[in-house]
Amino acid sequence: MALFARDNAPGAERGRGQVIDMSLLEPILAAVGPGPTVYDQLGEIGTRNGNRSSNNAPRNTYRTKDGRWVAVSTSAQKVAERVMELVGHPEVVAEPWFATGAQRAEHADLLDAHVGDWIAARTRDEVSEAFAAAGAAVAPIYDASDIVSDPHVRATEMITTVEDPDLGPIAMHNVMWRMSGTPGSIRFTGRALGADTDRIRSEFAA
């Protein structure tokens, strides 16, 4: 955006660069969500909800029969209805409190029990297939082995292999963005202390 402003600003401002100041805290603070605004306006301090939401339910992580984990979120009313029908409890859909996300959140214990019991009786693949067929979103929770074997991760080279002089080939995060003209690459896993001292000194001496 700074480059866009530099190239498109009117008059004397055109061509002028600018300093970009961002601390590590600022992007992390964004994860707090609307907490500061809620506190400012209502004086309320949010409590820990784990993977639940105070705005809708069922929304949580659930363990499958094969010991894996999946995440389910039902922000949309229709999705919540589909999930409860899928897990064999369509009767709760007719409850007056099921009509809004906030009221469903007040009954999270009941809804989590229904969804959790159903998921616990099936493997992760079975759960994923059933949710897809029902038109409800579910996401597997990856561990490191899932990440490195995921077809999309592999196809897009999010993880690359870099040769290390001591450890051999090492899988590690690739460059986080893609540029068609100058894509860049990871040149080394980490240089030994002083490995480039002589080269850098010679460059300054020249």
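Predicted model: local features only at pLDDT ≥ 70, side-chain atom pairs only at ≥ 80, totals over all residues.
Colleague: Which residues of α4 itself are buried?

Modeller: Helix α4 spans residues 77-86, and its buried residues are Val79, Ala80, Glu81, Val83 and Met84.

Colleague: And what covers them?

Modeller: The cover over the buried residues of α4 includes the strand β2 (69-73) together with α5 (101-106), α6 (108-120) and α7 (124-134).

Colleague: Which members of the largest nonpolar core touch the most other members?

Modeller: That core has 22 residues, and those touching the most other members are Val83, Met84, Ile119 and Phe131. Two or more residues each are given to this core by β2, α4, α6 and α7, with α6 providing the largest share, five residues.

Colleague: What is phenylalanine 131 in contact with, leaving aside neighbours within four places in sequence?

Modeller: With those neighbours left aside, phenylalanine 131 contacts Val72, Val83, Leu86, Trp118, Ala136, Ala137 and Val138.

Colleague: Changing topic, how do β4 and β5 run, and how many bridges join them?

Modeller: Strands β4 (residues 159-164) and β5 (residues 168-173) run antiparallel and are joined by six bridges; they form a hairpin with three residues between them, and threonine 161 has alanine 171 in β5 as its bridge partner.

Colleague: Now the surface: which residues make the nonpolar patch of about 400 Å²?

Modeller: That patch is made by Leu25, Ile28, Leu29 and Val32.

Colleague: Why does leucine 29 count as partly exposed?

Modeller: Leucine 29, which lies in helix α2 (residues 25-29), is partly exposed because its relative accessible area is 47%, whereas exposed would need over 50% and buried under 20%.

Notes
Residues numbered from 1 in each chain as written. Heavy atoms only, no water. Patch = residues over 30% accessible without salt bridge, like charges linked within 9 Å, V, L, I, M, F, W, Y side chains within 5 Å. Areas by Shrake-Rupley, 256 points an atom, 1.4 Å probe, with all protein chains shown as cover. Salt bridge = Lys/Arg side-chain N within 4 Å of Asp/Glu carboxyl O. Helix = DSSP H or I, 4+ residues; strand = E, 2+ residues; numbered from the N terminus. Buried < 20%, exposed > 50% of the residue type's maximum accessible area, 1.4 Å probe, protein only. Pairing = 2+ DSSP bridges. Contact = heavy atoms within 4.5 Å. Core = buried A, V, L, I, M, F, W, Y, C linked by side-chain atoms within 4.5 Å.
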